[in-house]
Amino acid sequence: MASTGMQIFGFVLALLGIMGAMVATLLPNWKVSADVGSNIITAISQMQGLWMDCTWYSTGMFSCTLKYSVLSLPAYLQTARTTMVLCCVLAAMGLCLASLGLKCTRWGGGRRSKRHAAIASGGCFVTAGFLCLVPASWFTNEVITNFLDSSVPESNKFEPGGAVYVAFVSAGFLFVGGSIFCMSCSGKRHGPQDLVLLPPPDKLLLQQQQQQLLQQQQELQHQYCSLSPLDNKTGYSLQDYV
């Protein structure tokens, strides 16, 4: 089993991963307007996210518009919304299970229960990392494809924003953290599988003394029963002297 330090390291990575996934889900800069051609001298910078579109003006004004209609959105944007929300939910569930599976904690039951909790949390983290990686990759592919399309005007060309890079990094953290928790239970199992609650020292000593007395009584009874019938006679018989 992996050391407690490795489990704590995996927990910290998973925590950073879920924080990054939540921040990436809410950020409005999944793609930003590209500074190419006539856009270099423009006074407007556009950003588009999963939930809103924002425009920044050179005067310092900043305005955002929410995307209320879901069916009007393209397929990759709808998929990105769904998968990022599922990623955050699974990662949060994995954190709860990981807190039970940590070896340095007292809650979570015995070793077998902690092992199962650690494996389940690792599976949640790996799945959450995959769900975070899919929308980031698909979104990046769509942005690059539109950017390289010559039929798209330069004013409508975008490039990947900071939220996409945050999503990639968060997916990596979740993958590594989940792998650590999964590998922490893949080794050989030594010792008892469940924790045994021992009684207090005084009570334990009394139980040992009682067991010793019981064993001595059983040995005495066994010795008495093994005596021959001649040894059990208390009187004398004439046949003993003939």
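Which pattern does the protein chain follow when read along the sequence? And what can you tell me about helix α1?

Analyst: Read along the sequence, the pattern is α-β-β-β-β-α-α-β-α-α, with five helices and five strands in the protein chain. Helices (H or I, at least four residues) and strands (E, at least two) are DSSP runs, numbered from the N terminus. Bear in mind that this is a predicted model: local features need pLDDT of at least 70, side-chain atom pairs count only at pLDDT 80 or more, and totals for chains, interfaces and linings use all residues. Residues are numbered from 1 along each chain as its sequence is written, and side-chain values use heavy atoms, with hydrogens and water left out.

Now to α1, which covers residues 4–26. Its 23 residues should span 33 Å at 1.5 Å a residue, the expected span being 1.5 Å times one less than the number of residues. The end C-alpha atoms are 33 Å apart, so that agrees.

The set consists of Gln-7, Gly-10, Leu-13, Ala-14, Gly-17, Ile-18, Gly-20, Ala-21, Ala-24 and Thr-25. These buried residues pack against α2, α3 (111–148) and α4 (162–183). For context, 31% of the 242 residues of the protein chain count as buried.

Then there's a nonpolar surface patch of about 400 Å², made by Ile-8, Val-12, Leu-15, Leu-16 and Met-19. Patch members have over 30% relative accessible area and no salt bridge; like charges are joined within 9 Å, nonpolar side chains (Val, Leu, Ile, Met, Phe, Trp, Tyr) within 5 Å. Areas come from the Shrake-Rupley method with a 1.4 Å probe, and for residues only the protein chains shown count as cover. Val-12, in α1, is partly exposed at 40% relative accessibility.

As for salt bridges (a side-chain nitrogen of Lys or Arg within 4 Å of a carboxyl oxygen of Asp or Glu), a search of the whole structure finds one. It pairs Asp-53 with Lys-67, the closest N and O atoms being 3.1 Å apart. Asp-53 sits in strand β3 (residues 52–57) and Lys-67 in the loop between β4 (62–66) and α2 (75–101), so the pair ties together parts that are 14 residues apart in sequence. Asp-53 is partly exposed at 28% relative accessible area, while Lys-67 counts as buried at 15%.

Methods: Buried < 20%, exposed > 50% of the residue type's maximum accessible area, 1.4 Å probe, protein only. Contact = heavy atoms within 4.5 Å.
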